[in-house]
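The sequence and structure go in before my entries.

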Amino acid sequence: MAHGMRTDSHSNYVRRNDWRDNATHYALLPLRIFLGVTFIYAGLDKITDSAFMKANGTGSLGETMRGVRDLAAFPELVDLALKSPVGFGYAIALGELAVGIGILIGLLARVAALGGALISLSLWLTMSWHEEPYYYGNDLPYLMAWLPLVLAGAPYLSVDAWLAARRNSRASA
């Protein structure tokens with residue numbers, strides 16, 4: 001043994017690096033699962049809530065939008081939705097379902113993430129804009145959570161990855 005140098009230390013470092021590489025590789029998976037399940041739940045919750053899917057009345061989407069209209073960053077967006085609150089409610093609910101399913105299974109993941117970001121942005125600019133301080137509103141953190149998935153998509157454990165691998169195997173054959 002020359003000067004007390006350990007020869008096995010490098011292999012331990014490599015193993016730790018493999019773990020880190022593996023963790024980095026799957027880092028967005030918990031975010032995909034959380035956002036996917038949350039948006040599916042939100043969409044189903046809206047569709048199945050009979051009080052919510054009404055233009056008027058306690059707990060209705062129309063009443064909620066009228067309540068935040070003057071506090072919104074863009075009251076014009078609220079006015080647009082108030083032309084047909086029930087139609088808008090179904091559009092949001094179905095959008096949340098599509099986004100949630102898309103990101104959860106990784107089908108057109110970047111498109112789904114962009115849809116989720118746009119839903120969160122529109123809700124932030126209308127429903128939670130008035131929250132002070134701004135970090136008390138929940139829509140802005142959701143918007144920020146969608147952005148890494150817009151950039152990275154779902155490259156692992158996804159329909160997109162499976163389709164890409166299938167295309168690559170056909171191209172190399």
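**Ground rules**

I am working with a predicted model, where local features need pLDDT of at least 70 and side-chain atom pairs count only at pLDDT 80 or more, while totals for chains, interfaces and linings use all residues. I number residues from 1 along each chain as its sequence is written, and my side-chain values use heavy atoms, with hydrogens and water left out.

**Fold and overall shape**

I looked up the secondary structure and found 8 helices and 0 strands. Helices here are DSSP runs of H or I with at least four residues, strands are runs of E with at least two, and both are numbered from the N terminus. Along the sequence I read the pattern α-α-α-α-α-α-α-α. The radius of gyration is 22 Å, well over the 16 Å that the globule rule gives for 173 residues, so the protein is more spread out than a compact globule. For that I took the radius over C-alpha atoms, and the rule is 2.2 Å times the number of residues to the power 0.38. The C-alpha trace spans about 80 × 45 × 25 Å along its principal axes.

**Burial, contacts and surface**

I find 29% of the 173 residues buried; buried means under 20% relative accessible area, exposed over 50%, and partly exposed in between (1.4 Å probe, protein chains only). Of the contacts (heavy atoms within 4.5 Å) with a separation of 6 or more, 68% are between residues 24 or more positions apart.

**Charged pairs**

Next I asked how many salt bridges there are. The count comes to 4, taking a salt bridge as a side-chain nitrogen of Lys or Arg within 4 Å of a carboxyl oxygen of Asp or Glu.

- Lys46 pairs with Glu96, with the closest N and O atoms 3.1 Å apart. This bridge links distant parts of the chain, from helix α2 (residues 29–48) to helix α5 (residues 85–105), 50 residues apart. Is Glu96 buried or exposed? I find Glu96 buried, at a relative accessible area of 4%.
- Glu63 and Arg66 meet at 3.7 Å, N to O. Both lie in helix α3 (residues 61–68), 3 residues apart, which is about one turn of the helix. Glu63 is partly exposed at 40%, and Arg66 is partly exposed at 36%.
- Arg69 and Asp79 meet at 2.7 Å, N to O. Arg69 sits in the loop between α3 and α4 (75–82), and Asp79 in helix α4, 10 residues away. Arg69 is partly exposed at 27%, as is Asp79 at 29%. I also note that Arg69, Asp70 and Asp79 are linked in a network of salt bridges.

I then checked the backbone angles. A cis peptide bond joins Glu132 and Pro133, with omega about -10 degrees. Pro133 lies in the loop between α6 (109–126) and α7 (139–152).

Leu108 is not a glycine, yet has a positive phi of about 50 degrees. I place Leu108 in the loop between α5 and α6, where this leucine is exposed at 55%. Leu157, also not a glycine, has a positive phi of about 50 degrees. Leu157 lies in the loop between α7 and α8 (159–172) and is exposed, at 59%.
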